[in-house]
Structure formats: structure tokens, C-alpha cells
Amino acid sequence: MAVFYDFPLKIRRIIYTTNIIENMNGKIRKYTKTKLLFPSDDTVLKSVYLALREISRKWTKPIRNWAIILNQFLTSFKNRVQL
């Protein structure tokens with residue numbers, strides 16, 4: 001975890017927000033925790049499907065300040081980042 005804080009703030013935001021599995025699980029939990037009881041398995045599947053559909057809308061949004069972040073990557077990882 002300490003290595004995470006060695007990255008510049010803008011890069012940390014990208015790394016944190018791209019942990020897609022944890023983010024997705026949290027969003028699904030958010031959508032389903034308001035229901036105390038599901039009448040059937042189909043109801044659960046529909047609820048998760050609708051949550052995933054809502055979550056996936058955000059995946060197409062561009063990353064803010066990408067030019068600045070890319071420059072930070074290029075500076076920090078000269079040998080690893082190729083354009």
C-alpha cells in the first residue's frame with residue numbers, strides 16, 4: 001500500500017478507479033442491498049443485470065486530465081510506456 005502513495009495524485013486516482021472488480025461488486029451491492037428479500041432467482045438476476053447496465057454507462061466516459069496523467073506516466077516510466 002505504501003508504494004501506491006509514491007505515485008502522483010492524478011495517477012493514483014486512475015489506479016484507484018480502474019480496480020473494476022471491486023468497484024463493480026460495490027455497485028452491485030449498492031443496488032441489491034436495499035432489497036431485503038428476493039422472491040426468486042430470476043429477480044436477483046434481473047436486479048444484477050440492471051445494476052451492471054447502469055454501471056457500464058460510466059465505462060465509456062473519458063478520463064479527465066488524461067494529457068497530464070499520460071505525461072506523468074511517461075516521466076515516471078520512460079522504459080515501460082510506449083506511444
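Trainee: Is Phe7 buried, partly exposed or exposed?
Mentor: Keep in mind that this is a predicted model. Buried means under 20% relative accessibility and exposed means over 50%. Phe7 comes out at 21%, so this residue counts as partly exposed.

Trainee: How many aromatic pairs are there?
Mentor: Ring centres have to lie within 6.5 Å to pair. By this rule the count is two.

Trainee: What kind of pair do Phe7 and Phe77 make?
Mentor: Their ring centres are 5.9 Å apart, and their planes meet at 45°. Planes under 30 degrees apart would be stacked and over 60 edge-to-face.

Trainee: Which residues form the aromatic cluster?
Mentor: Phe73 has 18% relative accessibility, so Phe73 counts as buried. The one cluster is made up of Phe7, Phe73 and Phe77.

**A serine in a helix**

Trainee: Which residues does Ser47 touch, leaving aside its neighbours within four places in sequence?
Mentor: Ser47 belongs to helix H3 (residues 41-56). Its relative accessibility is 15%, so Ser47 counts as buried. With those neighbours left out, its contacts are Tyr31, Thr32 and Phe38.

**The whole chain**

Trainee: What is the radius of gyration of the chain?
Mentor: Start with the make-up: the chain has four helices and zero strands. For 83 residues the globule rule gives 12 Å, and the chain is well over that, so it is more spread out than a compact globule. The C-alpha trace spans about 55 × 30 × 20 Å along its principal axes. The radius of gyration is 18 Å.

Trainee: What share of the residues is buried?
Mentor: The chain exposes about 7400 Å², with 58% of that supplied by carbon and sulfur atoms. Of the 83 residues, the buried share is 12%.

Trainee: How far apart are the centres of the positive and negative side chains?
Mentor: The chain carries 16 positive side chains and 5 negative ones. The centres of those two sets are separated by 11 Å.

How values were computed
Residues numbered from 1 in each chain as written. Predicted model: local features only at pLDDT ≥ 70, side-chain atom pairs only at ≥ 80, totals over all residues. Heavy atoms only, no water. Helix = DSSP H or I, 4+ residues; strand = E, 2+ residues; numbered from the N terminus. Rg over C-alpha atoms; globule rule 2.2 N^0.38 Å. Buried < 20%, exposed > 50% of the residue type's maximum accessible area, 1.4 Å probe, protein only. Areas by Shrake-Rupley, 256 points an atom, 1.4 Å probe, with all protein chains shown as cover. Lys, Arg positive; Asp, Glu negative; His and termini not counted. Charge placed at Lys NZ, Arg CZ, Asp CG, Glu CD. Contact = heavy atoms within 4.5 Å. Phe/Tyr/Trp six-rings, centres within 6.5 Å; stacked < 30°, edge-to-face > 60°.
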